[in-house]
Every structure is written in structure tokens, then in C-alpha cells.
Amino acid sequence: LSFDRVEESSNLAGACLLAVLGANDGILSVSSIAVGVASASTSEAPVVIAALAGLVAGALSMAAGEYVSVSSQSDIEQADLAREKKELEEMPEVEERELAKIYVSRGLTEETATEVARQLHEHDALEAHARDELGINEITTAQPLQAAGASALSFLIGGLFPFGLIFLFPLDQLYWVEYVFSISFLALLGGISARIGGSNAWKAVVRITIWGTITMGLSALVGSWVQIGL
């Protein structure tokens, strides 16, 4: 029971980390688009249209990519379970010994491991092998729609912030406003994700600040070149 709680807690932390990373993507993508287009435009309308398009396209892209990725993982899991089920039907004794070896490798004596494997085979052999041999359980089972929705939502939440700034500040101030506010929130979320992952928060903050600055700076530079060319 405690192992299940630890695993559930670990998966919750992983989900939170992915949500933070998705929000970071939204902030950086939309703010970079806004800065780039603002650098090449003399009116607010193109900035709004481009940022909105980036917000929607980014969220849909995140959802589609996550759905395809997790669906592939789900297909692999189902194939593994089908193969394991067939092996249990054809050679249950061999599979029981294989399960016992797993428990021995985790620290149980051979006698205890053999007894545990026997009892689990009598209860639900496929569930035991799915969990302990394949690493599949109801907590870790791939859920494509849920993953796609979570990715899209986290991107939207992050992207709405720099998108909203377009309406609050004049165009000639938008470059610096987008940069300062976006970098501040990227740093904050970078620190949070580092804490969740158990790594150094300051390194994460410095890293996201540097790369966020480079990304928005290059976007502004490209926008300026386009404006000069026009």
C-alpha cells in the first residue's frame, strides 16, 4: 500500500512538472510571437492576430503531439499485455518462476519469493506480471485524451498571460513589457519545476532566463529586419 502511495505521489509530481513545462511553452511561444510581430508592425491588430493564432496553434499542436505520443505508448502497453497473457496461457509455470526471480532481485528470499509469486498467480497472474514485470498499473496506464487535454490546457493558461498584455500596454512599450513580465513568470515557473523535480532552482531560473532572453531577442531582431525590408 505504501509503495502504491509513493508511486501515485511520484506520478502526481510528474503531472505537475509537465503542466509547468506546458505553461512555460505557452508563455515563451506567445510572448516571442508578440515581440517579433510588434517589432515589424506599426499597429496593434497584426500583433493580436499573430499572438492569437500562435496561442491556438500552439495549444492544438501540443494536444496533437501528446495524443500521438501517449497513444503509441498505449499501443505498446496493450501489445505487451496481450503477449504476456498468451505466455501465461501457454507456460504458466515458467512465468511464475520468472515472477519469483523478480522478487528475489528485489530482496526477498527464494522461498518467500516463490510463495508470493504462487499466491499472486492464483489471485490474478496477469495483473501481477503487468505491474511487476512490465511496470504497468492503473496509475501509470497511458491515457491519450487526458494527456492531450492537459497539454493543451497548460499551454493555453501560460499563453493567455502574454496575450493579455497586448491589450494593456501601447505598442511602443510592448517589447519591454512582454520581456520583463514573461521572463519573470518563466523564472518563477522554472524554479517551481526545479523544486518539484528535486533539482537546483537557481540553475533552472538562470537557464530559463538566458534562453528566454535569446528567444525573444531573436524574435524582435527578425521582426526589425522584416520592418526594414518592408
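**Buried contacts and aromatic pairs in a predicted model**

Q: Is Leu 28 buried or exposed?
A: The model is predicted; local features need pLDDT of at least 70 and side-chain atom pairs 80 or more, while totals for chains, interfaces and linings use all residues. Residues are numbered from 1 along each chain as its sequence is written, and side-chain values use heavy atoms, without hydrogens and water. Buried means under 20% relative accessible area, exposed over 50% and partly exposed in between (1.4 Å probe, protein chains only). Leu 28 has a relative accessibility of 19%, so this residue counts as buried.

Q: Which residues is Leu 28 in contact with, leaving aside its neighbours within four places in sequence?
A: Leu 28 lies in helix α1 (residues 2–40); helices (H or I, at least four residues) and strands (E, at least two) are DSSP runs numbered from the N terminus. Contact means heavy atoms within 4.5 Å. With those neighbours left aside, the contacts of Leu 28 are Leu 186, Gly 212, Thr 215 and Met 216.

Q: Why is the pair of Phe 161 and Phe 181 tilted?
A: Rings of Phe, Tyr and Trp (its six-membered ring) pair if their centres lie within 6.5 Å; planes under 30 degrees apart count as stacked, over 60 as edge-to-face and the rest as tilted. By this rule there are four aromatic pairs. The ring centres of Phe 161 and Phe 181 are 6.3 Å apart and the planes stand at 50°, so the pair is tilted.

Q: Which parts does the pair of Phe 161 and Phe 181 tie together?
A: Phe 161 is partly exposed at 25% relative accessible area, and Phe 181 is partly exposed at 36%. The two parts are 20 residues apart in sequence, and the pair ties together helix α5 (residues 144–165), which holds Phe 161, and helix α6 (residues 171–197), which holds Phe 181.

Q: Which residues form one aromatic cluster?
A: Phe 169, partly exposed at 26%, is one of the members. The cluster consists of Phe 161, Phe 169, Phe 181 and Phe 185.
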